[in-house]
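Please look over the sequence and the structure shown here before reading on.

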Amino acid sequence: MQPSPLICLVEDEIDLAKLMAEYLNASNFQTIVFNRGDEAHRWLQQNEPALILLDLMLPGMDGLEICKHQRQHSAVPIIMMTAKVEEIDRLLGLELGADDYVCKPFSAREVVARVKAVLRRSFHTPQESAATAPVVIDEQSMSLRVFNQVVELTNVEFQLFSLLYSQPGRIFSRQYILDNIYQDYRVVGDRTVDGHIKKLRKKLNDVNDQVELIRSVYGAGYKYEAP
């Protein structure tokens, strides 16, 4: 019997942290709780939980700094929890490598559901063979096959799909896409990304319009959802 996944919960609101821990424990997760950022950071230097639930504003060390340090040596899934709802805060957290973002006030049940969803994505490695997988991407030949049909893509469309596909469920901001896809110094903006996403979606829909592989996240960017 495998041990329950350990969730590192970093939240300075003691009552909220206690409530979250109770819900997580009731869902068969182990928890370790920190109410200060610096204490959590020290523990994380020596330990790796299954997932980190991380408040943004913390005494000792804020959540963004903790996230930044984690991403220097670890791919542990991170869900940000914060009362800061402005777009820039969401984007900053995602740019630093957070896997999801939930704004306060939130339902404890919703957070537990998100923990389960992020863990499913993080620990799911495609078991299907190339012959049976619904989406097969070949970086060497720059080819894409969806539901066993070849999708003809331009170079930019392939690079764009490949980026989103590399981390299912992760939200990529338009700025991140701009910085990582368009590296030939052409003058491009958000509308350029939106235009290529639109064309990419049309080609994917032509293969199967019942499955939405690329989703928009209002105010944040785009993500790939595995079928």
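## Terms and basis

Contact, as the word is used here, means that heavy atoms lie within 4.5 Å. The model is a predicted one, in which local features need pLDDT of at least 70 and side-chain atom pairs count only at pLDDT 80 or more, while totals for chains, interfaces and linings use all residues. Residues are numbered from 1 along each chain as its sequence is written, and side-chain values use heavy atoms, with hydrogens and water left out.

Leaving aside neighbours within four places in sequence, leucine 204 is in contact with Leu144, Val146, Phe161, Leu213 and Ile214. A nonpolar core is a set of buried Ala, Val, Leu, Ile, Met, Phe, Trp, Tyr and Cys residues joined through side-chain atoms within 4.5 Å, where buried means under 20% relative accessible area (1.4 Å probe, protein chains only). The largest such core has 26 residues, and those touching the most other members are Leu144, Val146, Phe161, Leu164, Ile177, Leu204 and Ile214. Helices (H or I, at least four residues) and strands (E, at least two) are DSSP runs, numbered from the N terminus. Among the elements that each supply at least two residues of this core are strand E7 (143–146), helix H7 (174–181) and strand E10 (221–224), and H6 gives the most, with 6 residues.

## Two helices that cross

Helix H6 (residues 155–166) packs against helix H8 (residues 190–207) at an angle of about 85°, with the axes 10 Å apart; axes are lines fitted to C-alpha atoms, for helices over the stretch in contact, and angles run from 0 to 180 degrees between N-to-C directions. H6 is therefore roughly perpendicular to H8, a description that covers angles of 65 to 115 degrees. On the H6 side the contact includes Val156, Leu160 and Phe161, and on the H8 side it includes His196, Ile197 and Leu200.

Two strands pair if DSSP finds at least two bridges between them. An open sheet of 3 strands runs in the order E6-E7-E8 with antiparallel pairing, and its edge strands, E6 and strand E8 (149–151), each pair on one side only. E6 and E7 are joined over 4 bridges, one of the paired residues being valine 136, whose bridge partner in E7 is arginine 145. The two strands form a hairpin with 4 residues between them, and methionine 142 in the turn has a positive phi of about 50°. H6 lies across E6 and E7, running at about 120° to E6.

Technical notes. Parallel < 35°, antiparallel > 145°, perpendicular 65-115°, else oblique. Buried < 20%, exposed > 50% of the residue type's maximum accessible area, 1.4 Å probe, protein only.
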